[in-house]
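Colleague: I am new to this structure, so please pick one place where two parts of the chain meet and look at it closely. Then go on from there to whatever else deserves a careful look.

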Amino acid sequence: MICVILGRGRHKSLTDEWQAAAEAGAALVELRIDCLRREPDLKRLLTNRPTPVLFTIRRGSDGGLWRGEEALRERLLREAIVLGVDYVDLEMDVAARIPRPKFGATKRIISHHDFKAMPDDIEGLAEKMRALDPDIIKIAAPAKSVADASTMLEFVASSNKTSPTIGIAMGDLGVFTRILGGKFGAPFTYAGFNPDRTFAPGMLRMQQLKRDYFYDDINAETEIYGVIGDPIGHSLSPAVHNSAFHALGLNKRLVPFRIPAGTLAESLDALNWLDLQGFSITLPHKEAMIPLLQTMDKSVENIGACNTVVKTASGWTGYNTDYKAALDCLEEVLGGTIGTDISPLMDKQVLVLGSGGVARTVALGCIRRGSGVTVCGRNEEKTTKLAEHLGCRSVPWSARAGTLCDILINCTPVGMHPDLNSSPVPAAAFRPGMLVFDTVYHPENTLLLKLARDHECATLTGVDMFIHQAALQFQYYSGVQAPEDLMYEVVKNRLNPAAE
């Protein structure tokens, strides 16, 4: 179940938003009474309830907005219990002063919030909380590493075998703990409703949990897949794959794991207990993943970059679905027939911007199709090594606008959300008749592509490549053909929410 958090400054705004959340499908709502700007009128708030309610007045020391007297806060908590709220949230230090009511069915959530650090001994803390007569215990603390977040979720999995437990690793490193708690028995997860209000770092909105993760259908048998990168919050892979899994009745979920550069091996080791069945890999890990593979496809061996990993009997097996996806898209837009001996890329002069895994993949594919390729990256040493490895030319980043080409391909993250006002090349780089391909897909219409169209260039967006490679990944994950039309529709809707 998803518990939707609501907090507004005025009583009417709070009740109006509560009604809107109920109409949107909220099954449980947490009222953050501490957000009200004047003393709460609980009878007014609680007389007509559109959903079950969790009553909370969070102090400033616990991440809330309550600035009144503690005696008044505790009186309001007791009053809410008398009025029969479904749940009441009590911090550890006040739980003993607000005992379980002799009458009524209000359930007690004993909570601990720390916005500075993860508890040194989570299980020891939980034991103290269990001694306070809870129906549910809740621990929320910030994750400073993937290992922190993994430890919190593993605690949830263990603790729920004996008592209902919610554990949240706050921040973007711990987003997966908010999604996967249900698999390990957590009674519910917390989510926002109003996109303009964030109550805790890393919190997702109810609409995301329902639409992109199908949260209410997650259970103990759900197989876990991931998308790994840094940054990762922009990724549409979860929405695309989970919609496809759901449409085909597959009990699988793909969730985001933000893994900072240089921590891939230790982070995957910390996540090992989750038994990930596979994952897609994005920046900056496509090359770093290779030493961790037990087996790899020829595409990974040839390219030196991996974007897809599947768990097999022999361990991690790596693939590169970017390769085929990029070439298919280029040949389609050039009017050629995919897979024939003579490619429309033959004899085309191609300028590839970037020196990472995607650039390596696209450049090698074009070379093998007979193109003359030049690579150009911001890291000159890395770019030179890439050109030597591929047997092609390289030019300095400062020369990118003056390098003549038939096809310009951006494989850098420049222009990717949220950096919407940047282009990897200036207007002087464009000439009418060029083909400009931006592998960035979020947003679909980057500034680079807008400039290219202004200069009468043909364009190719990253969305087609993204769908092609995701469909190939889906086949590796599921063994069945991907519903590409659905995937394409999901991407379009997520990139253009007004069209939904």
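Modeller: In helix α13, the residues R360, A363, L364 and I367 meet L386, H389 and L390 of helix α14, where contact stands for heavy atoms within 4.5 Å, and where helices (H or I, at least four residues) and strands (E, at least two) are DSSP runs numbered from the N terminus. Sorted by class, this contact has 5 nonpolar, 1 polar and 1 charged residues; Ala, Val, Leu, Ile, Met, Phe, Trp, Tyr, Cys and Pro count as nonpolar, Asp, Glu, Lys and Arg as charged, and the others, Gly among them, as polar.

Please keep in mind that this is a predicted model, in which local features need pLDDT of at least 70 and side-chain atom pairs count only at pLDDT 80 or more, while totals for chains, interfaces and linings use all residues. Residues are numbered from 1 along each chain as its sequence is written, and side-chain values use heavy atoms, with hydrogens and water left out.

As for the geometry, α13 spans residues 357-368 and α14 spans residues 380-390, and their axes come within 11 Å and cross at roughly 30 degrees (axes are lines fitted to C-alpha atoms, for helices over the stretch in contact, and angles run from 0 to 180 degrees between N-to-C directions). The two helices are therefore roughly parallel, since angles under 35 degrees count as roughly parallel, over 145 as roughly antiparallel, 65 to 115 as roughly perpendicular and the rest as oblique.

Because F176 belongs to helix α7 (residues 175-180) and F257 to strand β10 (residues 252-258), the pair ties together parts that are 81 residues apart in sequence. Both of these residues are buried, where buried is under 20% relative accessible area, exposed is over 50% and partly exposed lies in between (1.4 Å probe, protein chains only).

Y441 and F466 make a stacked pair, at 4.1 Å centre to centre with 20 degrees between the planes. Y441 sits in the loop between β19 (435-438) and α15 (447-454) and F466 in helix α16 (residues 462-478), so this pair ties together parts that are 25 residues apart in sequence; Y441 is buried, as is F466. The loop between β19 and α15 also holds P443, and the peptide bond leading from H442 to P443 is cis, with omega near 10 degrees.

A cis peptide bond with omega near 10 degrees also runs from H417 to P418, and P418 is in the loop between β18 and β19. N421 has its place in the loop between β18 (407-410) and β19, and with a relative accessible area of 72% N421 is exposed. Although N421 and L447 are 26 residues apart in sequence, their C-alpha atoms are 6.4 Å apart in space.

How values were computed
Rings of Phe, Tyr and Trp (its six-membered ring) pair if their centres lie within 6.5 Å; planes under 30 degrees apart count as stacked, over 60 as edge-to-face and the rest as tilted.
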